[in-house]
Every structure is written in C-alpha cells, then in structure tokens.
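Hi,

Here is the structure I promised to pass on. Have a look at it first, and then read my notes below.

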Amino acid sequence: MPCHVAIIMDGNGRWAKKRGLPRTAGHAAGAETFRAIATHCKNLRIPYLTVYAFSTENWKRPEEEVSSIMFLLEKYLLEAIEEMAKDKIKLCFFGDLSPMSGKIRKLYDETQRISKEYDSEIQVNICLNYGGRDEIIRAARSCAMDCMLGRLEPDQIAEQDIEKHLYSTGIPDPDLVIRPSGEIRISNFLLWQSAYAEYYFTDVLWPDFNEAEFDRILKEYQTRERRYGGV
Ligand code: IPE
Ligand code: IPE
Ligand code: MG
C-alpha cells in the first residue's frame with residue numbers, strides 16, 4: 001500500500017462541457033468526488049492524501065470561474081469542519097492563502113484549531129494557490145535568510161534544509177501521483193516531493209473518477225518496481 005497518494009483533480013470543465021453544463025457544475029461534481037475518494041483512502045488506511053485544488057496559475061482563468069471555485073471552497077470547508085472530527089480526517093493546506101478571501105482564511109484557522117483536538121486516521125492536504133516552483137522559491141528564500149542570520153552556511157545547504165521549509169515538511173514524499181483527465185503533465189504539482197513518485201495517468205475525468213478506478217490504479221502501482229536509482 002502506498003503511504004502517500006497525491007492527485008491532480010483535473011477534468012472538471014470538460015466533464016461539464018460534455019453535458020452542456022457550465023464549468024462551475026463540473027467543479028461542484030469534482031468536490032463530491034474528492035469527498036468520496038478521501039473517505040475511500042481513509043477506509044484503505046492510506047495515511048496521507050494530497051490533492052491539487054487550485055494552482056498559482058489558475059488565477060489566469062476568467063474572474064467568474066475563479067470566484068465560483070472560491071465560493072465552492074468556502075462551502076466545502078464549512079461542511080468539512082462539521083464532518084472532520086466525526087470522520088477523524090485531519091485537513092491541512094499547502095499554498096499561499098494570503099490572497100484568499102477573509103472567509104476562507106478564517107475557515108482555515110478553524111480547521112487548524114479543530115484538527116489539533118483529536119487523533120486523525122488520515123491527513124488530507126489540500127493544495128490551494130499552490131505551485132511547486134513557488135514552494136521551492138519560498139524555501140530558497142528561507143534558507144538565504146538563515147544564512148544571513150548566521151544559522152546556516154551556504155555550502156552546507158542540504159536536502160533537509162530545503163525540506164524543512166516546504167509546505168509538506170514532516171510528511172513522507174508521495175509514492176503515487178495520479179492525474180485523471182488525459183493530460184500527461186504535472187502542471188507544477190509537488191515538483192520537489194515527486195522526485196521518485198510513481199505516476200499514473202488516466203483518461204477518466206475527475207468528476208467520473210471513483211473508488212473502483214482508484215483500486216485499479218493501486219493494483220497497477222503494486223506491480224511497479226521502485227529502484228530509486230539502484231539496481
Ligand atoms: C480542474 O479542472 C480544477 C481546477 C483546475 C480548479 P479543470 O477546470 O482544469 O477542468 P478542465 O481541465 O478544463 O477539463
Ligand atoms: C492543474 O490543472 C491544477 C489543478 C488541477 C488544480 P490545470 O487544468 O490547471 O492544468 P493545465 O493548465 O491543463 O496544465
Ligand atoms: Mg484542467
């Protein structure tokens with residue numbers, strides 16, 4: 001079993017278009033798939049799930065689409081807060097939330113507070129305004145600051161020094177990265193952490209993705225031989 005699965009939740013817009021619906025309807029359907037897959041991972045006892053919800057590049061989309069995604073996030077977070085303690089799911093966020101609405105930041109503070117109060121069975125990381133390059137730049141700045149303050153020597157900077165400044169600090173790297181929707185690219189997702197991840201690409205659009213598809217991918221993953229550069 002993988003310890004950490006990461007998913008690029010892609011294909012919402014095309015799913016809606018195929019049905020003659022607005023793209024927003026695809027995002028709403030995608031949020032339901034997320035819920036189902038998070039519960040499925042918990043039942044399978046996969047300790048970490050990371051999902052890509054909104055990238056640093058997604059701000060390029062039309063304003064109406066961005067605001068409808070933000071509205072769905074607010075709605076989802078509000079519901080998640082009520083359910084997370086009951087379901088023993090710990091929610092974390094990767095990304096710069098400072099440009100998000102006050103409402104989302106408040107809900108974020110609330111999830112952080114609540115998840116400290118119980119032992120969770122699974123940690124779900126939601127990547128919001130997340131970009132792999134942005135994350136590495138931030139870590140580089142923090143290392144530079146540590147050097148300026150005399151806490152670190154530039155020629156001593158090691159992987160651990162970068163890792164401790166990543167959003168994912170303390171979490172094992174993803175073993176399996178899944179991208180639905182038929183696109184064969186990583187779109188700035190977990191660039192550092194996925195150095196040795198196994199990738200799986202499927203044509204299924206995210207709103208159509210389900211537990212059976214997830215199980216098929218897990219089976220395939222179990223046949224892969226991971227060598228990490230060895231023999
Ligand atoms: C993923 O679905 C959701 C976000 C990026 C917010 P898309 O909206 O990218 O759907 P497609 O790729 O256009 O079908
Ligand atoms: C990646 O999907 C980001 C998320 C799923 C949040 P995109 O739809 O933004 O990626 P590209 O533009 O097809 O590479
Ligand atoms: Mg897309």
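What follows is a short tour of the surroundings of the two ligands. Please keep in mind that this is a predicted model.

Let me begin with ligand 1. It is surrounded by 13 residues, and the closest are Asp10, Gly13, Arg14, Arg23 and Arg61. By class, that shell is made up of three nonpolar, five polar and five charged residues. Oxygen atoms of ligand 1 take part in several polar contacts: one lies 2.7 Å from a polar side-chain atom of Arg61, one is 2.9 Å from a polar side-chain atom of Asp10, and one is 2.9 Å from a polar backbone atom of Gly13. On its own, ligand 1 exposes 380 Å², and the protein buries 87% of that. Ligand 1 sits in the largest pocket. Helix 1 (12-18), helix 2 (23-43) and helix 3 (63-87) each give two or more residues to its shell, with helix 1 giving the most, three residues.

Now for ligand 2. Among the residues around it are Ile8, Tyr52, Phe54, Asn58 and Arg179. Asp10 and Arg61 also belong to this group. Strand 2 (residues 48-55) provides the largest share of the shell, three residues. By class, the shell has five nonpolar, two polar and four charged residues. Polar side-chain atoms lie at these distances from an oxygen atom of ligand 2: 2.6 Å for Ser187, 2.8 Å for Arg185 and 3.2 Å for Arg61. Taken alone, ligand 2 exposes 390 Å², of which the protein buries 78%. The space that ligand 2 takes is the largest pocket.

Conventions
Residues are numbered from 1 along each chain as its sequence is written. Chains are lettered from A and ligands numbered from 1 in the order in which they are written. This is a predicted model: local features need pLDDT of at least 70, side-chain atom pairs count only at pLDDT 80 or more; totals for chains, interfaces and linings use all residues. Side-chain values use heavy atoms; hydrogens and water are left out. A residue is near a molecule or strand if one of its heavy atoms lies within 4 Å of it. A polar contact is a pair of N or O atoms within 3.5 Å; within protein, one must be able to donate a hydrogen and the other to accept it, and residues adjacent in sequence count only if both atoms are side-chain atoms. Accessible areas come from the Shrake-Rupley method with a 1.4 Å probe; for residues, only the protein chains shown count as cover. On a 1 Å grid over the protein atoms alone, a cavity is a set of points where a 1.4 Å probe fits but cannot get out, and a pocket is an open set with protein on both sides within 12 Å along at least five of seven lines; lining residues have an atom within 4 Å of a point. A molecule sits in a cavity or pocket if more than half of its atoms lie within 2 Å of its grid points. Helices (H or I, at least four residues) and strands (E, at least two) are DSSP runs, numbered from the N terminus. Ala, Val, Leu, Ile, Met, Phe, Trp, Tyr, Cys and Pro count as nonpolar, Asp, Glu, Lys and Arg as charged, and the others, Gly among them, as polar.
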